[in-house]
Amino acid sequence: MKKWISGLAAVAMTSVLLAGCGSSTDDATGESGSGATAANKLVISTWGFSEDFFNEEVFGPFEKEHNVDIVLEVGNNAERLNKIRQGTSNVDVIYLSDYYAQQGIDEGLFEKIDRSKIPNVNDIYDIAKAPLGEDYGPAYTIGQLGIAYNPDLVSKEVSSWSDLWDPAFENNLTIPNITATAGPMIVDAASRVAGNDTFNEDAAFAELKKLSGNVVKFYSQTSEFVNMFSQEEIAGGPIMEMYFKDLKAAVPNAKFVTPSEGAYAVMNTINVVKGSKNKELAEEFINWQLSQDVQAKSAKAKVDSPVNTKVELTAEEAEGVTYGADVVEKLNKLDMEFVNQQSKAWTDRWNREIAQ
C-alpha cells in the first residue's frame, strides 16, 4: 500500500495537485500503518501528478513484484530538492527536471549509478541515456517546449520562434518566467532569434526586452498559461507539449508548433539519493520505469512521452506526445551545468531589464 507524505506544496508545473492516496505518514523514516520496515520500503520523491495512473501502472505493480511498500514524498522540484539538501527525509529515488537534477549532482546529493543494473537504458534514445553524465540517472521522459497558439487570435501561421516577436502577438503573449523550468530555454531561443549560432547573452536580453512589452504575464506555472489561454487573455506562447491537451480541451482549434529552429528538450530524470540503504532496489525501480511496458502505458495515457525506442504508438496515441526518433533527435538541448552557473546572474538581469 502506498503512503503519501503530507504537508508538501503544490506541484509547480502541473495544473492540478492531486490528493494523496491510502494512509499517510508524517515523515519518510519508515513508520507506517502497515508495519513495513526500511528493508522492504522504497521512498520515492516525485511531483504527484497523474496519481491514479502511477499507482495502478507504475508503483503498484512494482510493489507486488518486489514485495516492497513504496512511500511517496510529493512536491515541486525546488522544495523536494531542498529536503534532500537539508537531510530531512530518507528518500531513495528522486524524480527531477534536468535543471534541478544538475544542481543535485553539483552538490554531491546523488549516488553514482551502476548501469549494468539498469539494462533497459540500452533501449532508450541516446539523448536520454546520460543527459547529465554517465554516473547519474537517465531521463525517463523527454518532452518538447514549442509554441501553442489560438489561430482565431493570431493573424498569421506560426512556424518559428521569431514569430513571437511578430505584431500578431502584440499585447497577447505569455512566456515563462526566468525561474521556471523553461525560462532558460527562452533566453537561448532569443539568442537564436537575434541571429547567433552560439549563445550570446547580451543579444538574447536585448531581444527579450523588445518582447516584454507584449507579455501579459510571465508565467511560473503551467496552470497560469492554461487559465489565460482559456479566457482568451493571451493568444499563446511557449509551452511544453505535454500540457497541450489542456489547452485543446479549452480551445478545440488550438495549435501546437515545433519551431523551425527546433523545439527544446524538456527532460525529467530519475536518480538515486546519496546514502540510500536501498541502492540496488532503487536501480531496479529505475530499470522498471524505463521498461517498454511502463513507457508504453505512460505514453498511451498521455502522462509522459516515451524514451524507450521499442514503444510503438498509433497516430492517435502519439497526438500530443513527443514521440519518434525523427522528433526527439532534433530537439535542442541546453547545457544544464552552464545554465546553473549562469542562473543567478540571468535572474538578476531578467528582473532588472525584462520583468519591470
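Predicted model: local features only at pLDDT ≥ 70, side-chain atom pairs only at ≥ 80, totals over all residues.
# A guided tour from a surface lysine to the core

At 31% relative accessibility, Lys 255 counts as partly exposed.

**Stop 1: Lys 255 and Glu 157**

Select Lys 255 together with Glu 157: their side chains meet in a salt bridge, with 3.2 Å from N to O. The two residues link distant parts of the chain, since Lys 255 belongs to strand β10 (residues 255-257) and Glu 157 to the loop between β6 (139-149) and β7 (173-176), 98 residues apart. Glu 157 counts as exposed, because its relative accessibility is 53% and the threshold for that class is over 50%.

**Stop 2: other salt bridges**

How many salt bridges does the structure hold? There are 20 salt bridges in the structure.

Select Glu 57 and Lys 297 next. These residues form a salt bridge in which the closest N and O atoms are 3.2 Å apart. Glu 57 lies in helix α1 (residues 51-66) and Lys 297 in helix α10 (residues 292-300), so the pair ties together parts that are 240 residues apart in sequence. Glu 57 is partly exposed at 25% relative accessibility, and Lys 297 is partly exposed with a relative accessible area of 32%.

Then select Glu 107 and Arg 85, whose side chains meet in a salt bridge of 2.7 Å, N to O. Glu 107 is in the loop between α3 and α4, while Arg 85 is in helix α2, so this pair joins parts that are 22 residues apart in sequence. Glu 107 is partly exposed, with a relative accessible area of 40%; Arg 85, at 34% relative accessibility, also counts as partly exposed.

**Stop 3: helix α3**

Move to α3, residues 98-106. Is this helix largely enclosed or open? Eight of the nine residues of α3 are buried, so the helix is largely enclosed by the rest of the structure. The buried residues are Asp 98, Tyr 99, Tyr 100, Ala 101, Gln 102, Gln 103, Gly 104 and Ile 105. To see what covers them, display elements that include α2 (77-86), β5 (93-97), β11 (264-272) and α13 (336-353). After α3 comes Gly 108, which has a positive phi, near 70°.

**Stop 4: Ile 113**

Select Ile 113, in the loop between α3 (98-106) and α4 (126-129). This isoleucine has 10% relative accessibility and therefore counts as buried, the limit being under 20%. Which residues does Ile 113 touch, leaving aside those up to four places away in sequence? They are Ile 118, Glu 134, Asp 135, Tyr 136, Gly 137, Pro 138, Val 272, Lys 279 and Glu 283. For Glu 134, 21 residues from Ile 113 along the chain, the C-alpha separation is 8.3 Å.

**Stop 5: strand β7**

Select β7 and look at its two faces. In a regular strand the side chains alternate between the two faces of the sheet. Here both faces are covered: Leu 173 and Ile 175 on one side, and Thr 174 and Pro 176 on the other, are all buried. Within β8, Phe 218 is the bridge partner of Ile 175.

**Stop 6**

Nonpolar side chains tend to be buried together in soluble globular proteins. The largest nonpolar core in this model has 66 residues, and Leu 145, Ile 175 and Trp 350 have the most contacts inside it. Helix α5 (residues 183-193) gives the most to this core, contributing five residues. Another core, of 40 residues, lies apart from it and includes Val 58, Phe 59, Val 294 and Leu 331.

Return to Leu 145 and display its surroundings. Not counting residues up to four places away in sequence, Leu 145 touches Trp 161, Ala 182, Met 185, Ile 186, Pro 238, Ile 239, Met 240, Ala 263, Tyr 264 and Val 266.

**Stop 7: helices α6 and α13**

Finally, select helix α6 (residues 201-212) with α13. The two helices pack at an angle of about 35°, and their axes are 11 Å apart. The crossing of α6 past α13 is right-handed. On the α6 side the contact is made by Glu 201, Asp 202, Phe 205, Leu 208 and Lys 209, and on the α13 side by Gln 342, Trp 346, Arg 349, Trp 350 and Glu 353. Glu 201, Asp 202, Arg 349 and Glu 353 are also linked in a network of salt bridges.

Key:
Residues numbered from 1 in each chain as written. Heavy atoms only, no water. Core = buried A, V, L, I, M, F, W, Y, C linked by side-chain atoms within 4.5 Å. Buried < 20%, exposed > 50% of the residue type's maximum accessible area, 1.4 Å probe, protein only. Helix = DSSP H or I, 4+ residues; strand = E, 2+ residues; numbered from the N terminus. Contact = heavy atoms within 4.5 Å. Salt bridge = Lys/Arg side-chain N within 4 Å of Asp/Glu carboxyl O. Pairing = 2+ DSSP bridges. Axes fitted to C-alpha atoms, helices over the stretch in contact; angles between N-to-C directions. Left-handed = near helix turned anticlockwise from the far one by under 90°.
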